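Thanks, everyone. Let me put the structure on the screen, and then we'll walk through a few of its features.

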Amino acid sequence: MPAQQLKDFLDEAAVEYMCLSHPPAFTAQELAHHVKIAGDRVVKTVIIELDGKMAMLVMPATWRIRWDRLSRILDTDFIDLADEKEFKDRFPNCEVGAMPPFGKLFGMSVYCSEAMTEQPELAFAAGSHTESVHMKTSDFLTLVQPMVLNQGFNKPGTKKPAWLAKGRRHPEDLRPSEPTVAGY
């Protein structure tokens, strides 16, 4: 059974959802494997620190965060991965790493990859590494009301830009007052 707080929230909202038990899944990609659905339909919940406040970032299991772009689109200089020690108490009755992506339940804003909104259904950890919830994306979006972002993430198989692959700084990041050396 999912974390009671999540179950109560979903039941009160009168949305259809399904709970599944499965072998332990410690990553969203493992969850996708165990429940036999595409990784693009499994929500990866990442807790970030954004200007000193914790927030949730949700994206497809197979995607990666592009910190530079995420920082730019959120118009902040300070964004980082939150420390598990600092947030584990904010998720009562949830195992660390299995937090459901419902920020309202935990007093957090939710930022969602636009790619998640394009899926018909989603699956996500239900507070446990052995249980997941599956529901319609439209219901998820109605309940969560995330800020949808179209930048800050990389699709699977996306190659690094040449400047990043070689450890260079992005040309936009160079300021006119900085000296430049060929190749940097």
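Start at lysine 7. Its relative accessibility is 22%, so lysine 7 counts as partly exposed. The cut-offs: buried is under 20% relative accessible area, exposed is over 50%, and partly exposed is in between, with a 1.4 Å probe and protein chains only.

Before we go on, a word on the source. This is a predicted model, where local features need pLDDT of at least 70, side-chain atom pairs count only at pLDDT 80 or more, and totals for chains, interfaces and linings use all residues. Residues are numbered from 1 along each chain as its sequence is written, and side-chain values use heavy atoms, with hydrogens and water left out.

Back to lysine 7. What does its side chain meet in a salt bridge? Aspartate 11, at 2.8 Å, N to O. A salt bridge here is a side-chain nitrogen of Lys or Arg within 4 Å of a carboxyl oxygen of Asp or Glu. Both residues sit in helix H1, residues 4-13. They are four residues apart, about one turn of the helix. Helices are DSSP runs of H or I with at least four residues, strands are E runs of at least two, and both are numbered from the N terminus. Aspartate 11 has a relative accessible area of 37%, so it is partly exposed too.

How many salt bridges does this rule count? Two. The other pair to look at is arginine 66 and aspartate 68, at 2.7 Å, N to O. Arginine 66 is buried, at 8%. Aspartate 68 is partly exposed, at 27%.

Next, serine 71, in helix H3, residues 67-73. Serine 71 is buried, with a relative accessible area of 16%. Leaving out residues up to four places away in sequence, serine 71 touches Thr76, Asp77 and Ile79. Contact means heavy atoms within 4.5 Å.

Last, the largest pocket. Its volume is about 460 Å³. On a 1 Å grid over the protein atoms alone, a pocket is an open set of points with protein on both sides within 12 Å along at least five of seven lines. The volume is the space filled by probe spheres set on the points. The lining has 27 residues, each with an atom within 4 Å of a point. Phe26, Lys44, Thr45, Val46 and Gly97 lie nearest the centre. Strand S2 gives the largest share of the lining, five residues. By class, the lining has 17 nonpolar, seven polar and three charged residues. Gly counts as polar here.

Methods. 1 Å grid on protein atoms, 1.4 Å probe; cavity = no way out; pocket = protein on both sides within 12 Å on 5 of 7 lines; lining within 4 Å.
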